Amino acid sequence: MSNTENLNTEAQTAAAVPKKLHIKTYGCQMNVYDSERMAEAMGPEGYVLTDRPEDADMVLLNTCHIRERAAEKVYHELGRLKPLKLAKPDMKIGVAGCVAQAEGEEIRRRSPLVDLVVGSQSYHKLPAMVKAVDAGEKPIETEFPVEDKFDMLPERPASARPTAFLTVQEGCDKFCAFCVVPYTRGAEVSRPADRIMTEARKLVAKGVREITLLGQNVNAYHGAGPAGEDWSLARLVRELAKIDGLERIRYTTSHPNDMEDDLIAAHGDEPKLMPYLHLPVQSGSDKVLKAMNRKHTAAQYIALIERIRAARPDLVLSGDFIVGFPGETDQDFEDTMDLVRKVGYGAAYSFKYSARPGTPAAERKDLVPAEVADARLQRLQALLTEQQRATQQAMVGRECWVLFEKPGRQAGQWVGKSDFLQAVHVKAEGLAPGTLARVRIIEAVTNSLAGELV
Ligand code: SAH
Ligand code: SF4
Ligand code: F3S
C-alpha cells in the first residue's frame with residue numbers, strides 16, 4: 001500500500017507527539033484493505049503513517065504466503081530492517097498477514113528481531129499487542145477468534161481516494177490442491193449484509209464513488225440480510241447500487257463454480273456493476289483441473305463464459321493461470337493455450353507452480369522440470385500479452401467513462417480507470433478526484449490508454 005496517504009491525521013490521534021507507523025503490504029487486494037484497517041486501528045494509539053521505514057517507531061509487514069518467493073520476501077525484508085532496529089532498539093517490528101498466520105512460531109524462531117506476530121483474523125488486537133510489547137512480551141496471535149474483527153475495529157476515517165475496497169467475504173472452503181489460502185484465511189465466512197451496507201454508505205458519504213467488494217471467493221458470498229434472510233452477492237450488488245453517489249461496483253476474486261444465475265443476470269441489467277470480471281481457471285486441461293481439485297472442466301468454464309458474455313457482450317475478462325503443476329504434460333499445456341485462445345482475456349496473471357507446505361499437491365513427486373515450466377510460462381505470457389494489447393488497441397477511437405483518481409505524473413495530466421479497469425490518462429486542468437467523465441480514447445500505450453475529454 002502506498003503509505004503516502006495519511007489515513008490517520010494528527011488531529012485524530014490521542015498522543016501529543018504522533019508515533020510513526022510504516023506498513024509494507026504484500027499479496028492480494030485483501031491485504032491492501034487489511035493494511036488500511038490496521039493503520040486505522042493504530043490511529044487512536046497515537047500512530048500516523050509514514051512511507052519511510054527509517055522514520056518509523058513501528059514497522060508492520062503485511063505478508064503473503066501464496067507462493068514460495070512471496071513468503072521468502074518476508075525474511076529478506078526482516079534482514080533489511082535489522083540495522084534500523086539495532087540503531088533504534090525501541091522500534092517495534094511486527095509481522096502480519098498470511099505468513100504470520102501460517103508460520104507464526106517459526107518467524108519468531110528465525111528472526112528474534114520480531115516483536116509481534118499477528119494473523120489476518122486477529123489484527124483488531126494490535127493495540128493490545130503493542131502494549132504487551134511495551135511490557136516486555138513478544139505476543140503471537142494466530143488463532144481464528146470467535147469475535148468478528150470488523151466489529152472491534154474503529155470506524156473508517158475520511159477517504160483521500162474515490163475508490164475503496166470493502167471486504168465482504170473471507171476464507172475459502174475449496175481446497176484447490178496447490179493453495180494455502182484455506183489454511184491461512186480459514187473457512188468461508190460472509191459478513192452480515194447490514195454491516196456491509198453501513199460501511200459502504202459511510203465510504204460514499206466520505207467521497208468514495210467506486211467500491212470493489214473483496215473476498216477470497218467473493219461470489220460464494222451468502223450473508224445474512226437485515227431480517228436474517230439469505231443475501232447472495234447479486235442481491236448485495238443490487239442493494240449497493242441503490243446508494244446515491246456510488247457510481248461503480250466491482251468484485252474480486254470469483255470461483256467459476258460460484259457464478260450463480262442471479263449474478264450473471266446482474267451483469268446484464270445492473271448498470272453500476274462494471275463490465276470487468278476476474279474469473280481464474282488455472283488450467284485448460286481437464287486432467288490437471290481434476291488434479292487441482294477445481295471441480296469443473298475446461299468445457300464447463302468456456303460454456304460459463306459464453307453465458308456471462310451473452311448477458312454482457314462487452315465484458316472484459318481476466319484470469320489466473322498456473323503452469324507446471326505436477327504431472328502437467330506438453331499436451332496439458334497445449335490445452336491451456338487452446339482455452340486461452342478460445343476465451344480471450346483482456347488481462348491475466350500467470351504463475352509457475354510453487355509447492356506450498358501443507359497442501360496436497362506438495363506431496364506429489366511428478367514435478368515438472370523448472371526449465372520446462374519456464375518455457376511454458378513464457379509462451380503463455382506471450383499469448384496473454386498479445387490478447388491484452390489487442391483489448392487495449394480495440395479501445396482506440398471509442399468513447400468510455402473514466403473515473404478520475406488523481407493528477408498524473410506529467411503536468412496538466414489526470415489519471416483514472418475506464419469501466420473495464422484500464423488506466424486512462426488525459427490532458428486536463430482542475431479535475432477533482434471522483435470526477436466521472438466521458439473520454440475518447442486516442443492511443444493505446446503499453447499499460448494505459450491516452451484519451452481526451454469529450
Ligand atoms: N481465490 C482465488 C485465488 C487466490 S490466489 C481463486 O480461487 O482464483 C491467486 C492466484 O495465485 C491463484 O488464482 C493461482 O493462480 C495462484 N496460485 C495460488 N497458489 C499457487 C501456487 N501454489 N503456485 C503458483 N500459483 C499459485
Ligand atoms: Fe485457493 Fe482455490 Fe480457494 Fe482460490 S478457490 S483461494 S485458488 S483454494
Ligand atoms: Fe497472499 Fe494471503 Fe492474499 S496468501 S494472496 S495475502 S489471502
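Mentor: The answer begins at the site and then moves to the parts around it.

This is a predicted model, in which local features need pLDDT of at least 70, side-chain atom pairs count only at pLDDT 80 or more, and totals for chains, interfaces and linings use all residues. Residues are numbered from 1 along each chain as its sequence is written, chains are lettered from A and ligands numbered from 1 in the order in which they are written, and side-chain values use heavy atoms, with hydrogens and water left out.

Start with ligand 1. Its shell holds 15 residues, and the closest are F178, Q216, Q282, D320 and S354. A residue joins a shell if one of its heavy atoms lies within 4 Å of the molecule. By class, this shell has six nonpolar, four polar and five charged residues. Nonpolar covers Ala, Val, Leu, Ile, Met, Phe, Trp, Tyr, Cys and Pro; charged covers Asp, Glu, Lys and Arg; the others, Gly among them, are polar.

Next, the polar contacts (pairs of N or O atoms within 3.5 Å; within protein, one must be able to donate a hydrogen and the other to accept it, and residues adjacent in sequence count only if both atoms are side-chain atoms). The side chain of Q282 has an N or O atom 2.6 Å from an oxygen of ligand 1. For the D320 side chain, the N or O to ligand oxygen distance is 2.6 Å. For R67 it is 3.0 Å. Alone, ligand 1 would expose 530 Å², and the protein buries 89% of that. These areas use the Shrake-Rupley method with a 1.4 Å probe; for residues, only the protein chains shown count as cover.

β15 (316-323) and β16 (347-352) each supply at least two of its residues. Helices (H or I, at least four residues) and strands (E, at least two) are DSSP runs, numbered from the N terminus. S350 sits in β16. S350 is buried, at 11% relative accessible area. Buried is under 20%, exposed is over 50%, and partly exposed is in between (1.4 Å probe, protein chains only). The side chain of S350 makes a polar contact of 3.0 Å with that of Q381.

Back to Q282. Most residues other than glycine have a negative phi, and most peptide bonds are trans. Q282 lies in the loop between β14 (276-278) and α10 (286-291). With a relative accessible area of 7%, Q282 is buried. K295 is exposed, at 61%. A cis peptide bond joins T252 and T253, with omega about -5 degrees. T253 lies in the loop between β13 (248-252) and α9 (261-269).

Now the other ligands. Around ligand 2 stand C172, K174, F175, C176, F178, C179, V181, P182, N217, H255 and R294. That shell divides into seven nonpolar, two polar and two charged residues. F178 is also among the residues closest to ligand 1. Ligand 3 is surrounded by C28, N31, T63, C64, H65, I66, C98, R185 and Q216. Its shell has four nonpolar, four polar and one charged residues. Q216 is also among the closest to ligand 1.

R67 contacts ligand 1, and helix α2 covers residues 68-87. At 1.5 Å a residue, its 20 residues should span 28 Å; its end C-alpha atoms are 31 Å apart, which agrees. The expected span is 1.5 Å times one less than the number of residues. A kink of about 35 degrees lies at L81, shortly before P83. The bend is the angle between axes fitted to the seven residues ending there and the seven starting there. Buried residues of α2 include A70, A71, V74, Y75, E77, L78, L81 and K85. An α-helix has 3.6 residues a turn, so residues three or four places apart point the same way.
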